[in-house]
Amino acid sequence: MATKRKSDDSTASSASKKPAPFWKNGLKTSMEDPELVVYKDDKITVIKDKYPKARNCVYIYIQAKYHFLVMPKENIPNLKSLTGSHIDLLKYMQRKGKEQADSADETLQFRLGYHAVPSMSHLHLHVISQDFDSLSLKTKKHWNSFTTDYFVDSEEIIDQLEEDGKVSLNTATFQELLKKNLKCHVCKKDFSTMPALKTHIKQHNYRRK
DNA sequence: GTTCTAGAAC
DNA sequence: GTTCTAGAAC
């Protein structure tokens, strides 16, 4: 007997429809949150990542760690939606992202790039300091999404658009990258657990050369 | 994206 | 016994 869960009320229009996960649109909400917004103009909004994978706070004796997201005002769901017409916008996002990094700490190493297969809807450029010293960075997926080729540099996306007029990424290939063994992004040493890796990476220096 | 937690790994 | 990972979430 097909025992389907009884729907509570008449509000559900169709039982076969997917519920469309509410959290996917979290970035649109964050763009309106004054606690998170650090910059805004007619083209873009820059916010602090709500769960920064590098620290956003300044600690005494410890260099500051940062994780920002640059998002276009225009509704662009993901990298696949991009065309040649977006090149100027992406260059602008990258320039403003760099400005944000410099104003946060111009002595600290940053990378600017996109997740090949992001969880959240709405195009967002990660601007993240390379210390990765954060309580919110907990899982292998977190780690590999920022330290393997899953993290695609902003320049590379812009190059692809200029050459092909589109961004082509093989989703299945990138999903595999998230399962790779843990490896220090600086000295390439292997680690068997996240806590061991997180202790290790504190020993490296993340100042710009 | 996060939270929660069963059970694997140690 | 504790630490840690990985999969479900209606």
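Is E176 buried, partly exposed or exposed? E176 is partly exposed, with a relative accessible area of 46%; buried stands for under 20% relative accessible area, exposed for over 50%, and partly exposed for the range in between (1.4 Å probe, protein chains only).

## Basis of the model

This is a predicted model, in which local features need pLDDT of at least 70 and side-chain atom pairs count only at pLDDT 80 or more, while totals for chains, interfaces and linings use all residues. Residues are numbered from 1 along each chain as its sequence is written, chains are lettered from A and ligands numbered from 1 in the order in which they are written, and side-chain values use heavy atoms, with hydrogens and water left out.

## Overall architecture

Chain A contains 6 helices and 8 strands. Helices (H or I, at least four residues) and strands (E, at least two) are DSSP runs, numbered from the N terminus. Along the sequence, these elements follow the pattern α-β-β-β-α-β-β-α-β-α-α-β-β-α.

Of the 209 residues in chain A, 43% are buried. Among contacts with a separation of 6 or more, 64% involve residues 24 or more positions apart; a contact requires heavy atoms within 4.5 Å. The accessible surface of chain A comes to about 12,700 Å², and carbon and sulfur atoms contribute 53% of that area. Accessible areas come from the Shrake-Rupley method with a 1.4 Å probe, and for residues only the protein chains shown count as cover.

L161 belongs to helix α4, which spans residues 154-164. This leucine is buried, at a relative accessible area of 2%. When residues up to four places away in sequence are not counted, L161 touches L82, T83, G84, I87, L90, K166 and V167.

D159 forms a negative surface patch together with D149, E156, E163 and D164. Patches are made of residues with over 30% relative accessible area and no salt bridge, like charges being joined within 9 Å and nonpolar side chains (Val, Leu, Ile, Met, Phe, Trp, Tyr) within 5 Å. Lys and Arg count as positive and Asp and Glu as negative, whereas His and the chain ends are not counted. The place of a charge is taken as NZ of Lys, CZ of Arg, CG of Asp or CD of Glu.

T45 is found in strand β2, residues 44-48. At 3% relative accessibility, T45 counts as buried. Beyond residues up to four places away in sequence, the contacts of T45 are M31, V37, Y39, K40, L69, V70 and M71.

## Salt bridges

The model has 9 salt bridges, each defined as a side-chain nitrogen of Lys or Arg within 4 Å of a carboxyl oxygen of Asp or Glu. One of them joins the side chains of R111 and D153, at 3.2 Å from N to O. R111 lies in strand β4 (residues 110-115) and D153 in strand β6 (residues 151-153), so this pair ties together parts that are 42 residues apart in sequence. R111 is partly exposed, with a relative accessible area of 25%, and D153 is partly exposed as well, at 27%.

K179 and E176 also meet in a salt bridge (3.4 Å, N to O). K179 is exposed, at 56% relative accessible area, whereas E176 is partly exposed. In a further salt bridge, K183 pairs with D190, the closest N and O atoms being 3.2 Å apart. Both residues are partly exposed, K183 at 37% and D190 at 47%. Elsewhere, K65, D133 and K202 are joined into one network by salt bridges that share partners.

## Positive phi values in loops

Most residues other than glycine have a negative phi. H122, however, has a positive phi near 85°. H122 is placed in the loop between β4 and β5 (125-129) and is buried, at 3% relative accessibility.

F132 likewise has a positive phi, near 50°. This phenylalanine sits in the loop between β5 and α3 (140-147) and is buried, with a relative accessible area of 1%.
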